[in-house]
Amino acid sequence: MQVLSLSTDSHYSHKVWHDEELSKMVDGGIPWPMLSDAGGRIGAIYGVYDEEAGVDIRGRFLIDPDGVIQAMEVLTPPVGRNVHELIRQIKAFQHVRATGGKEVTPAGWQPGDPILKIRPSLVGNVWKEWKPKK
Amino acid sequence: MAEPREVSCAQTARGPLTAAPEPEVSETATPSKEVEMIARVGKPAPDFEAMAYHQGSFKKVKLSDYEGKWRLICFYPGDFTFV
């Protein structure tokens, strides 16, 4: 998994933020490249550039090895993201891909939960295999 | 000692590399400047190039540099913010 972070700040700003603050919060510093989307042109094509504020709002996009976007989440600025939900989605998408799309994860699925194998006899019988407790 | 060439004030990365759809040319309508969002689930992720800070140095990074890998791209409003 390759992570890339982007904001409209310059790469010089990223350096100072990283070296002066983030490297003191994360052991060994941030392992991924921190990209500068100066002018918000990249954010604009991803639908996250706020022209009034002049910044990219919080948005994340999960891209598979073929370059296809599998998931996206976009939030307004005051609410932070939930990394557990992100990791859950990554594990689910990676599992589905590993099975060539023959196994799918139902709503609320967590790693370790039963997985549904797509077949005609499953139609109308999901309730027998998938019993969410939550 | 001269600064390394990579340190310059100008932004040299190209930004989006995926051509936006050609706006329809009409004699009456003024061309819209609004950039169209082209990112969609199930569709190819638009490629881009940007200047980056990574492990002590500045370099240009393209989304397509990581072809064949799972990628997570993460936008946020600004450095030094709180959430």
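This is a predicted model: local features need pLDDT of at least 70, side-chain atom pairs count only at pLDDT 80 or more; totals for chains, interfaces and linings use all residues.
**Notes on strand β5 of chain A and on chain B**

1. What sense do β5(A) and β6(A) pair in? It's antiparallel, over six bridges, with β6 covering residues 69–75 of chain A. For a spot to look at, take F61(A): its bridge partner in β6(A) is M72(A).

2. β5(A) also has a partner in the other chain. Strand β4 of chain B, residues 71–75, pairs with β5(A) in the antiparallel sense over five bridges. Here I63(A) stands opposite R71(B).

3. Is β5(A) mostly covered or mostly open? Mostly covered: the strand spans residues 58–63, and six of its six residues are buried. R58(A), R60(A) and L62(A) point one way from the strand, while G59(A), F61(A) and I63(A) point the other way. Both sets are buried, the two arginines R58(A) and R60(A) included.

4. Now for chain B as a whole. Of its 83 residues, 34% count as buried.

5. Looking at contacts between residues at least 6 apart in sequence, 46% join residues at least 24 apart. The chain exposes about 5,900 Å², and carbon and sulfur atoms supply 54% of that area.

Definitions and conventions:
Residues are numbered from 1 along each chain as its sequence is written. Chains are lettered from A and ligands numbered from 1 in the order in which they are written. Side-chain values use heavy atoms; hydrogens and water are left out. Buried means under 20% relative accessible area, exposed over 50%, partly exposed in between (1.4 Å probe, protein chains only). Helices (H or I, at least four residues) and strands (E, at least two) are DSSP runs, numbered from the N terminus. Two strands pair if DSSP finds at least two bridges between them. Contact means heavy atoms within 4.5 Å. Accessible areas come from the Shrake-Rupley method with a 1.4 Å probe; for residues, only the protein chains shown count as cover.
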